[in-house]
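Grab your viewer and work through these exercises in order. Each one has a task, then a solution in steps.

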Amino acid sequence: MNYESLFPTNVKVALMNDPPGAWMPQLPESCIRLSAGYPAPELVPSEQVRSAVNRLIHQERDLPLHYLGSPRVDFLRAQLQERLKHRGIDIREHELLVTSGGCQAIDLIAKVLLDDACVVAVEAPTYMEALEIFRNYTHQIVSVPMDEWGLQTDVLETVLTKRTDAGLPMPRFLYTIPSFHNPTGTTLPLERRLKLLKLAEAFDFLIVEDDAYGELSFANAPVPLKAMDRSGRVVYVGSLSKVVAPGLRVGWIAGPQTLVHACSWFKKDLDHPFAQATMAAYLQDVDFTKRVEALRVAYRKRRDTMMRALDTYMPAFASWHVPEGGFFVWLHIPEIDTTKLLYKALDRGVSFVPGQYFFVNPADGRHFLRLSFSYVDEEQMVKGVQTLGQLLT
Ligand SMILES: Cc1ncc(COP(=O)(O)O)c(C=O)c1O
């Protein structure tokens, strides 16, 4: 049977894109995974999660194992609201939707705001899974270049002005990762943040702010766009994946009530009471501010190790900027095709993510690659960078 013929056009078109996760080749067990944007294994609080589960089942019995009824599911919402207050974001109950990670949040926002007639703007480069998601809904993706300070807001203004002059539609939203960007590690300075908010108002589009790494600052904590938003232009996407555990799949949308309502309308997988109540029980037990501070110290140390290794082993023609937070450093390696380089690196037991996967136009990323300093231990990290340096020289 020709099952493909059953798919509606939008699904057929979406299935012509690269398969999800195509950027991640099969890695042998022994590989030094400088590709992995995961938290460090020793910083995932498995013991505390275990005792949270024990306490949860002891106190609530079967409640978290039903569709509904665990008081901790509501408690998690209150905890998230409280945490957002720390970041200067004050939201009411109906402005928050807990999702299955930041990825589901992005998917739901795309689902309610995009179809093939709609335009979305993204940074170039941007988070590859967000690109995968947007491509499922539209092919009208406008890329706006970045520099070492993040999104080039002047270029964005020019792009939007030209579109207006040509009678082209404005993007429904701009998707941005203003703090400790994936993949570039950059952070948008205050002036650009203010300019971006002004542009959203002037050209009438929304900003989807992905703050997955926002808590993980190594020096100054940037103020989220959402905390500066006075006109309801910013839809905020948060996640506990990088600061607690990705496997618990807890993320959220904080945004205008009408939008949050639409997203929850299409969120047909319901709440995830066991994971959400476990997260709530864990958060009840931990001084989260202290935890975040400890994570900042630990990842800063890893960042420093990575920077020293790059300074020591990379050839002079490679360049990068020092990230002030998050998990990643973005290398520019002129004249080298990083996709081809990956296969040589894999032969030598090291992985990274080639730049092409972070761009709408893959050729734009040919001479870039993303390294992660979050996941592998520091000794392996140095070894991995040394191997890459040798390959390049
Ligand atoms: C920029 C960015 N946003 C969102 C996510 C999604 O994380 P999760 O779905 O685990 O919350 C990630 C994970 O790598 C990310 O890098």
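**Exercise 1: the shell**

How do the residues of the shell around the ligand divide into nonpolar, polar and charged?

Solution. Start with what you are looking at: this is a predicted model, where local features need pLDDT of at least 70, side-chain atom pairs count only at pLDDT 80 or more, and totals for chains, interfaces and linings use all residues. Residues are numbered from 1 along each chain as its sequence is written, and side-chain values use heavy atoms, with hydrogens and water left out.

Next, pick out the shell: 13 residues surround the ligand (a residue is near if one of its heavy atoms lies within 4 Å). The closest are Gly102, Asp210, Tyr213, Ser239 and Ser241.

Now sort them. The shell has five nonpolar, five polar and three charged residues (Ala, Val, Leu, Ile, Met, Phe, Trp, Tyr, Cys and Pro count as nonpolar, Asp, Glu, Lys and Arg as charged, and the others, Gly among them, as polar).

**Exercise 2: contacts and cover**

Find the atoms that lie 2.7 Å from an oxygen atom of the ligand, then check how much of the ligand the protein covers.

Solution. Look for polar contacts (pairs of N or O atoms within 3.5 Å; within protein, one must be able to donate a hydrogen and the other to accept it, and residues adjacent in sequence count only if both atoms are side-chain atoms). Lysine 242 has a polar side-chain atom at 2.7 Å from a ligand oxygen, and arginine 249 also puts a polar side-chain atom 2.7 Å from an oxygen of the ligand. With glycine 102, it's a backbone N or O atom, 2.6 Å from a ligand oxygen. As for cover, on its own the ligand has 400 Å² of accessible area, and the protein covers 92% of that (Shrake-Rupley method, 1.4 Å probe; for residues, only the protein chains shown count as cover).

**Exercise 3: the pocket**

Where does the ligand sit?

Solution. In the largest pocket. Here are the rules: on a 1 Å grid over the protein atoms alone, a cavity is a set of points where a 1.4 Å probe fits but cannot get out, a pocket is an open set with protein on both sides within 12 Å along at least five of seven lines, and lining residues have an atom within 4 Å of a point. A molecule sits in one if more than half of its atoms lie within 2 Å of its grid points.

Then size it up: the volume is about 480 Å³ (the space filled by probe spheres set on the points, which are joined across faces, edges and corners). Of the 29 lining residues, Gly37, Tyr127, Glu129, Tyr213 and Lys242 are the closest to the centre of the largest pocket. By class, the lining has 16 nonpolar, seven polar and six charged residues.

**Exercise 4: the cavities**

How many cavities of 30 Å³ or more are there?

Solution. The count is two. The largest cavity holds about 110 Å³ of space, and its lining includes Arg83, Tyr236 and Trp252.

**Exercise 5: the backbone**

Solution. Take alanine 124 to proline 125: cis, with omega near 10°. Then asparagine 182 to proline 183: also cis, omega near 15°.
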